[in-house]
Amino acid sequence: MIRRSVGVLLLGASVAASCVAGAAPAGATRTGTQPRDRDDTQVVVTGRVVVAPDERVGDVVILNGDARINGRVDGSVFALNGDVLVRGSVKDDVTAFNGRVTVAGGARVGGDVTSRETARISAGATVDGDVKSVGRRFALGQVGVVAVVLLWLAVGLSTLVFGMLLLLIAPRAADAFADAGRTAVGASIGLGIAAAIGIPIAGLILLATVVGLPLGAVILLTLGFLYMLGYVASAYFLGRVILRPPRNRFLAYLVGWAILTVAGVIPVLNVIMLIAATVYGLGTIVVATFRARSGPREPAPADTGRTEPAPAG
């Protein structure tokens, strides 16, 4: 349960970094290739780090996942939420803050071994430093619970303020989002998925070109704003399903926001609701934007500066 909670906490960061991390996964060196440079530090948000037997790397840091050290690490190994298995050699310390360190026979650790669960040091393994356990007062279970609560409060308060500002500044736009969500369910889902996936990909593509680099950077920097706007749009849509017009807009938003915020307390469901609300909200925004652009234009006002001649006698 502790590791699952921490995994949920790190999921938001891993979604943003998964495209980059997936493009160059750690431990991808094939047999027969040259070992990596000793200064090549492995940093992974979520997944698994595997140092092959013919590899030589610097430090290894992984936030959510396991580490397998079959080769040589010229620095230290740190796993925040996962296990560490050492079959090769590590020059400095090995730490599994919320997991177990296992040192196989014939492996060598030049520093200390620190493990949340009891470390397993096989016969024939060498540990030059001390074998220690993570103190209870620093147990990740307690830190994780506090972090999850703080994250939940931060998201709840931020979306509450953001939604209220949206209704104050652009109430008609919020109504258009809610109407799109009610009348174009399929389009909102499809366009929301396309926007949630396509916008960051477009930003990365532009970022890789000289001409589009500034635009790509702007797109990637505004992703947080766009995703929060999508979440807020879904909260208002949900509130409007329960409290239909002409009921107060702010009360409707509070109802939808409260439902999503309470759902955010439930493990697993909170991640599903967060993704679903963000994606569907983005879809309603896209649909409402298309409707606004393709809607009928108002006729041009008559020219009142010219007077028609009076009809002849």
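Reader: In what order do the five strands of the open sheet stand?
Author: This is a predicted model, where local features need pLDDT of at least 70 and side-chain atom pairs count only at pLDDT 80 or more, while totals for chains, interfaces and linings use all residues. Residues are numbered from 1 along each chain as its sequence is written, and side-chain values use heavy atoms, with hydrogens and water left out. Strands are DSSP runs (E, at least two residues) numbered from the N terminus, and two of them pair if DSSP finds at least two bridges between them. The pairing here is parallel, and the order is S2-S4-S7-S10-S13.

Reader: Which strands stand at the edges of that sheet?
Author: An edge strand has a single partner strand, so one side of it is left without a neighbour in the sheet. The edge strands are S2 (56–57) and S13 (126–127).

Reader: Which residue is the bridge partner of Arg 68 in S6?
Author: S3 pairs with S6 in the parallel sense over three bridges. In S6, Arg 68 has as its bridge partner Leu 85.

Reader: How many residues of strand S3 are buried?
Author: Buried means under 20% relative accessible area, exposed over 50%, and partly exposed in between (1.4 Å probe, protein chains only). Strand S3 (residues 60–69) is mostly covered. Of its 10 residues, the buried ones number seven.

Reader: Which helix gives the most to the nonpolar patch?
Author: Helices are DSSP runs too (H or I, at least four residues). Helix H2 (140–169) and helix H8 (269–294) each supply at least two residues of the patch. With four residues, the one that gives the most is H2.

Reader: Is Leu 150 buried or exposed?
Author: Leu 150 is found in helix H2. Its relative accessible area is 54%, so Leu 150 is exposed.

Reader: Where in the protein chain is confidence lowest?
Author: pLDDT is the predictor's confidence in each residue, from 0 to 100. The protein chain averages 80, and 77% of the residues score at least 70. Strand S6 (residues 84–86) has the highest mean, 96. The lowest, at a mean of 39, is in helix H1 (residues 2–23).
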